[in-house]
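Hi,

Here is the structure I promised to pass on.

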Amino acid sequence: MSKFKKGLEGIIALETEISYIDGEKGILEYRGHRIEKLAELSYEEVVHLLLYDKLPNTEELNEFFNKTKVIRELDVRTKEVIHYHNFNIEAMDALMTALAHISQGDPDLNVNTPEANIRKALRLIAKAPTIVAYYQRIHEGKEIVKPNELLPHCSNFLYMLRGEVPTKLESKILDLDFILSTEHELNASTFAVRVTASTLSDIHSAVISGIGTLKGVLHGGARLAVMNMLDEIGSPKKTEEYIMNMINTKQRIMGFGHRVYRVVDPRANIFRDLAKKIAEEKKDMKWYDMATKIEEVVTRELVEKQGKPIYMNVDFYSGVIYKYLEIPPKLATAIFALGRITGWLAHAMEQYSDNRLIRPRAKYIGEHHSQDKEISKLTKD
Ligand code: CMC
């Protein structure tokens, strides 16, 4: 049997054409395109790239937009499910529950062809933001705001969430958030998606596996933890003491560290610039100043003094940006899922296209009992 690596660290589990990471140089590409270039596009263009392996021309982009904008609304029964459950469950659980419900009404329910999976993928991408926005509105005791067909994907989500059309900068920031969050090779949730798809289970189930995995605090849940940490610190003046206390008591600083990157996560650099822009537009530097202070202390103490490669990751400044967008912290992980869903779908389809069941081995470290004796004793007793 091959050598055991806890957490599958560094193990190549499969081949992919969807994304490439160089963790030493801080390079991330989707389908061969650098993330810094993709950050100049719209989320819809990146979705097209991931699903169809092609950047769309104007005609293809319009066709894609026209197809998806009309399928954002939910059916009456799914809305009832959200109404019924929303006070007892968190946003990520609401998303899983509503998607499980939607899958049962999907016109391609039992069809697993590439064409059916693309149709299902578009429906999932279009409807998932509506679930999260309706969940939040109902949770706040407000009227739901129906999807607006005139708005692009991300602006429409903010519109449904807040009941007003967002500013240009806010829309651009959420677009970027979705672009930077949508794909990241074989992260834990994408691996879960591929394992589920490899059993030839349906694409909705694969996505639901991804949501359940993203929820954890070591993965997508770190964004919520970053927002909570900023709230708890409260002001730039208290930041140094707070972080030093965490470091001295050996606690993990959320939004820092990564299994693959040994330098700063390239997405985090883009997010840092964005956080500064929105802080300046809102004339409120508080969250940005706290974040730069946290980064300074962690770099000084953990990277420079202790020599550990614990740099900021994608979740750090995205948590800061959500503060400026006034996104309720409890929605942070669900919004990550809304961006990541496209990457999951691309991976599920890639898995189906050249499938082999994913089934690794475990090294048994328990005892080997002389079962015969024990069992015969039991039967005697
Ligand atoms: N703060 C303080 N110390 C840390 C941190 C951190 N955020 N991350 C790792 N370390 C230390 C850890 O204590 C250990 O030290 P030592 O060798 O002295 O025991 C060393 O670094 C290696 O840690 P590890 O747990 O073996 O590293 P890993 O590759 O298993 O963990 C990680 C990766 C992301 C789970 C971890 O860095 C972490 O817990 N970060 C905080 C949570 C977080 O921000 N998660 C989002 C990850 S990026 C988005 C995504 O892909 O979902």
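The centres of domain 1 and domain 2, taken over C-alpha atoms, are 26 Å apart. Domain 1 covers 13-217 + 334-353 and domain 2 covers 222-324, with bounds from an automatic or database domain assignment. Bear in mind that this is a predicted model, where local features need pLDDT of at least 70, side-chain atom pairs count only at pLDDT 80 or more, and totals for chains, interfaces and linings use all residues. Residues are numbered from 1 along each chain as its sequence is written, and side-chain values use heavy atoms, leaving out hydrogens and water.

Where the domains meet, 25 residues of domain 1 are in contact with 24 of domain 2 (heavy atoms within 4.5 Å). Two salt bridges are counted between the domains (a side-chain nitrogen of Lys or Arg within 4 Å of a carboxyl oxygen of Asp or Glu). Arg223 also forms a salt bridge with Asp177, with the closest N and O atoms 3.2 Å apart.

Now the largest pocket, which holds about 2000 Å³ of space. A pocket here is an open set of points on a 1 Å grid over the protein atoms alone, where a 1.4 Å probe fits, with protein on both sides within 12 Å along at least five of seven lines; lining residues have an atom within 4 Å of a point. The volume is the space filled by probe spheres set on the points, which are joined across faces, edges and corners. Both domains give residues to the lining of this pocket, so it lies between them.

Cheers
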